[in-house]
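Subject: Structure handover

Hello,

I am passing this structure on to you. The sequence and the model come first, and my notes on what I found follow.

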Amino acid sequence: MSTGRTHETAPASAGAVSAGPAKVFAAVDIGASSGRVILGRVRAGGDNSVELEVVHRFPNGVVEIDGGLRWDFNALFGEVLKGLAAAATVAAAQGERVASIGIDTWAVDYGLVNAAGELTGQPFSYRDDRSRTAVEPVHRKLDPARLYGTTGLQFLQFNTIYQLASEPDLAGVQALLIPDLIAFLLTGQRRTEATNASTTGLFDAVAGEWATEFLTALGLRKDLFPPLIQPGETVGTLLPAIAAQVGLPQDTRVVAVGSHDTASAVAAVPAQEENFAYISSGTWSLVGLELKHPVLTEASREANFTNERGVDGTIRYLRNMGGLWLLSECQRTWATEGFRPELPALLAAAAALPPGGPQINPDDPCFIAPDNMPERIRAAVRLVGEVLPDDPAAITRCIMDSLATGYARTIRDAERLADRSVDVVHVVGGGSQNRLLCQLTADATGRKVVAGPVEATALGNVLVQARAAGAIDGVLRDLRALVVAGSPLEVFAPELSRL
């Protein structure tokens, strides 16, 4: 398959940097496999423009501690501090000052903090299996239909509500979601940012507040989570010791952004039309629509769609699907076997294979945990009576075809359930660089696919900070116009012969 005949590169010159002084913002952007600290420079005067500069990268991943899969949060926070120190140094060298800091990470996971402000243990990862046995006890107290009718949250066995039900003792502690935990250690202020709160299973999708009756029904304190804060509001300023350590002024603000990384990514989707679908493609795939109101119907629950908060009170109506974790885990296994192909060569070999090969369900829970992903994929294919060769190109093509088919199915379901038609599909995040996946998605959906920006999450983070600082103004559409003007975008049209 050729992906080169049906795409074009959108001009990036419209976002050329103007001569005005820049306001500088630090974005802490951490995913499940890696993290970055990025300087965002926003220039006003004529056309506003945004530049991003990565000043620190670091790995992230689960580790086994005391028999469970956890995050090494102490190491993670140490990397955040290194990144902020690098941001301060780079900005100072340019005669600039970091105006504020914004933090986004993955959702659902949390740390427990006692009254003294101490973390009681390394936070569990959603990839740990501990919450599986808590699902049934929670559902005995709260019927799944009732849960969905209030929270609108997709059922996943690792949702925060089930993780909390797995805790042996919550006396005297508060739960801080991962970005809120980082903000607390920077500022000493405990808050829960709303876009991430909406992923807990304890948030009222209509009222935009905690569903306190659910906390009570589960025997949880109403103050288990700190008070809510909205994107654009200030969490606090740096603690004196932190400011001294990273070399930033003590009055540097930490500003709430869309702290669920998908909320920040969707804020930077370069859409100027209303009828668009988005795919935030990375370790996971978040596939859906942006709505003004949640969809809380029984049909929506049965289809396992979620209603999560976005920036400016929007609703991210989406399904959480498997993603490029499947391929990265395969690459990790192949590397241990001595096979280390470059990703472009691997994708080119996969693209050369004929269509119509075997597929898997990328959402199957059997793919959540690490460990020999190629064999698990081949085993899943065998279960449906097909054969997948033990060949990296064939396995890669299976993953790409399966993801594209899943994307198309999810978008069709979202259109039906939300009574919304989709004209264009925007792919943002790391997967936007995967031209094979983008072309297959265009073929499977029958819609134009616009790929980019890669750094959508960091852009959304920086733009919300910049608006809070008065460097730019406007609604989401105005913020997105800056992304359209300044980002190279690739457009993939469906190849009719592939449909």
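Please keep in mind that this is a predicted model. I start with strand β7 (residues 98-104): six of its seven residues are buried, so the strand is largely enclosed by the rest of the structure.

**The sheet around β7**

Strand β7 belongs to an open sheet of six strands, in the order β4-β3-β2-β7-β15-β14, and the pairing is mixed. At the edges are β4 (49-59) and β14 (234-237), each of which pairs on one side only. On average, neighbouring strands of this sheet are turned by 25 degrees against each other, direction ignored.

The pairs I looked at are these:

- β7 runs parallel to strand β2 (residues 22-30), and six bridges join the two. Val28 has Ile103 in β7 as its bridge partner.
- β7 also runs parallel to strand β15 (residues 253-255), here with two bridges. In this pair Ile101 stands opposite Val254 of β15.
- β2 and strand β3 (residues 34-43) are antiparallel and joined by nine bridges. Ala26 stands opposite Leu39 in β3.

Helix α1 (residues 73-93) packs on this sheet, where it touches β2, β3, β4 and β7. The direction of α1 makes about 140 degrees with that of β4.

As background, strands of a sheet pair through backbone hydrogen bonds, either parallel or antiparallel.

Thr105 is found in the loop between β7 and β8 (110-114). Is Thr105 buried or exposed? The relative accessible area of Thr105 is 0%, so this residue counts as buried, the cut-off being under 20%. Leaving aside neighbours within four places in sequence, Thr105 is in contact with Ile30, Ile178, Pro179, Ile182, Ser259, His260 and Asp261.

**A helix pair**

The other item concerns helix α11 (residues 325-336) and helix α14 (residues 392-418). Their axes come within 10 Å and cross at roughly 165 degrees. That angle makes α11 roughly antiparallel to α14, and the crossing is right-handed.

Which residues meet in this contact? From α11 they are Leu326, Leu327, Cys330 and Trp334, and from α14 they are Pro392, Ile395, Thr396, Ile399 and Met400. Eight of the residues in the contact of α11 with α14 are nonpolar, one is polar and none is charged.

Regards

Key
Residues are numbered from 1 along each chain as its sequence is written. This is a predicted model: local features need pLDDT of at least 70, side-chain atom pairs count only at pLDDT 80 or more; totals for chains, interfaces and linings use all residues. Side-chain values use heavy atoms; hydrogens and water are left out. Buried means under 20% relative accessible area, exposed over 50%, partly exposed in between (1.4 Å probe, protein chains only). Helices (H or I, at least four residues) and strands (E, at least two) are DSSP runs, numbered from the N terminus. Two strands pair if DSSP finds at least two bridges between them. Axes are lines fitted to C-alpha atoms, for helices over the stretch in contact, and angles run from 0 to 180 degrees between N-to-C directions. Angles under 35 degrees count as roughly parallel, over 145 as roughly antiparallel, 65 to 115 as roughly perpendicular and the rest as oblique. A crossing is left-handed if the near helix is turned anticlockwise from the far one by less than a right angle, and right-handed if clockwise. Contact means heavy atoms within 4.5 Å. Ala, Val, Leu, Ile, Met, Phe, Trp, Tyr, Cys and Pro count as nonpolar, Asp, Glu, Lys and Arg as charged, and the others, Gly among them, as polar.
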